[in-house]
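Hi,

Here is the model I promised to pass on.

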Amino acid sequence: MRGEYKVPGGKLVVVELEVVDDRLADVHVSGDFFLEPDTALEDIDSALTGMPADTKADGLAAAIEGALDDSVALIGFSATAVGIAVRRALGKATGWGDHTLDVIGPVAMDPVMHMALDEVLPQEVAAGRRPPVLRIWDWDSSLVVIGSFQSVRNEVDEDGARRHGIRVARRISGGGAMFMEPGNCITYSLVVPASLVEGLTFEQSYAFLDDWVLGALADVGVTARYVPLNDIASDKGKIAGAAQKRFASGTVLHHVTMAYDIDADKMLEVLRTGREKLSDKGTKSANKRVDPMRSQTGMARDQVIAAFLDHFRGRYDTTDSDYTEAELAAARELTETKFLTPEWTYRVP
């Protein structure tokens with residue numbers, strides 16, 4: 001059995017093994033990483049040999065760490081990375097290459113529908129009616145989207161929102177508020193099986209699922225980096241924020257919003273956002289626009305989106321797709337029964 005794991009921003013780890021009497025046997029770890037002293041590789045192999053085959057990645061990592069003393073340096077990889085590679089060899093964890101992903105380009109609709117689709121599509125993936133999917137949001141009206149655990153009165157100036165005709169809705173994932181007007185942001189959702197992030201902590205899974213978009217940003221001339229826990233930034237400041245929701249059905253929702261060209265004055269009238277928080281989004285004055293993607297790429301929003309999709313298609317096995325009528329119908333029902341109800345929106349007043 002063979003498993004591979006590429007550390008985001010790091011090196012490739014390869015594990016080959018057998019299973020005898022439900023235990024790991026003949027384990028060999030290799031890769032393009034660095035390890036000092038090199039004799040520690042034999043200690044890693046020995047630590048894994050004989051481990052129960054159902055041991056989780058963190059348990060395998062603990063066994064490796066227990067076998068190595070403080071003089072050993074793992075460079076470009078970690079004990080956890082080895083554990084994940086073992087789990088992939090055993091078929092308990094999957095990699096990008098194990099999946100063909102649907103890609104759905106931008107379809108303009110009520111932004112609340114996109115929030116509802118973020119609940120509908122994980123159910124479809126879990127049921128096997130749809131493969132993992134990357135989709136780009138597009139919307140035809142304005143909305144303030146608050147995180148699942150945020151307080152409406154702490155985050156939103158509702159008088160300001162009414163003055164500008166902007167609704168407020170709550171999404172199913174945590175994180176901060178999003179100020180969405182048509183064309184001002186680039187937002188995507190990624191729905192994948194939990195096996196793809198098996199063995200990763202929440203922080204590691206953010207970096208892992210965001211890794212492709214760092215490459216896509218490089219394609220459009222932006223040198224970006226992942227900033228724990230859930231931000232993407234360039235040398236000019238924050239570009240994007242991510243949020244996640246893990247479902248008991250065995251799927252993970254990971255979505256990211258990037259500021260393309262936001263009206264900062266209007267945002268400050270609608271959101272109770274301090275100047276300090278605003279400054280990390282690329283502006284120091286409320287009179288300036290928050291426009292990191294527009295100013296740093298010099299590209300129209302639809303050109304940036306097209307470049308992102310091209311990069312994703314070139315990196316993974318994909319199939320172009322669209323929403324089904326059943327998915328849209330389920331999302332419409334959820335907007336009425338959940339996302340537009342005061343009980344949901346004000347569940348944290």
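Below is what turned up, going from the domains to the salt bridges and then to the backbone.

A word on conventions before the details. This is a predicted model, so take the values as computed: local features need pLDDT of at least 70, side-chain atom pairs count only at pLDDT 80 or more, and totals for chains, interfaces and linings use all residues. Residues are numbered from 1 along each chain as its sequence is written, and side-chain values use heavy atoms, with hydrogens and water left out.

**Domains and their interface**

The protein splits into domain 1 (2-90) and domain 2 (96-346), with bounds that come from an automatic or database domain assignment. Taken over C-alpha atoms, the centres of domain 1 and domain 2 are 35 Å apart. Nine residues from domain 1 and eight residues from domain 2 make the contact, where contact means heavy atoms within 4.5 Å.

The size of an interface is often given as the accessible area lost when the parts come together. Here the area buried between domain 1 and domain 2 is about 640 Å², with carbon and sulfur atoms giving 53% of it. Buried area is the accessible area (1.4 Å probe) that two parts lose on being put together, summed over both. Which residues of domain 1 lose the most area to domain 2? They are P8, I84 and R88, together 51% of what that side buries.

The rule finds one salt bridge across the interface of domain 1 and domain 2, a salt bridge being a side-chain nitrogen of Lys or Arg within 4 Å of a carboxyl oxygen of Asp or Glu. The side chains of R87 and E198 also form a salt bridge, at 3.3 Å from N to O. Helix α3 (residues 79-89) gives the most to the side of domain 1 that touches domain 2, namely four residues. Helices (H or I, at least four residues) and strands (E, at least two) are DSSP runs, numbered from the N terminus.

Helix α3 is mostly covered, with 11 of its 11 residues buried. The cut-offs are under 20% relative accessible area for buried and over 50% for exposed, with partly exposed in between (1.4 Å probe, protein chains only). I84, R87 and R88 are among the buried residues of α3. Just after α3, G91 takes a positive phi of about 80 degrees.

**Salt bridges elsewhere**

Side chains of opposite charge can pair when their charged atoms come close. Searching the whole structure gives 19 salt bridges. Some to look at:

- R2 and E16 meet through their side chains at 3.8 Å, N to O. R2 lies in strand β1 (residues 2-6) and E16 in strand β2 (residues 12-20), so this pair ties together parts that are 14 residues apart in sequence. R2 is partly exposed at 47% relative accessible area, and E16 is partly exposed at 39%.
- R294 pairs with D291, the closest N and O atoms being 2.4 Å apart. R294 is partly exposed, at 33% relative accessible area, whereas D291 counts as buried at 13%.
- D320 and R313 form a salt bridge at 2.9 Å, N to O. D320 is exposed at 54% relative accessibility, while R313 is partly exposed at 31%. Salt bridges that share partners also join R2, E4 and E16 into one network.

Most residues other than glycine have a negative phi, and most peptide bonds are trans. A few places here are worth a look with that in mind.

The peptide bond from E36 to P37 is cis, with omega near -10 degrees, and P37 sits in the loop between β4 (34-36) and α1 (40-48). Another cis peptide bond joins P228 and L229, with omega about 0 degrees. L229 is in the loop between β12 (224-227) and β13 (231-234).

D26 lies in strand β3 and counts as partly exposed at 44% relative accessibility.

Cheers
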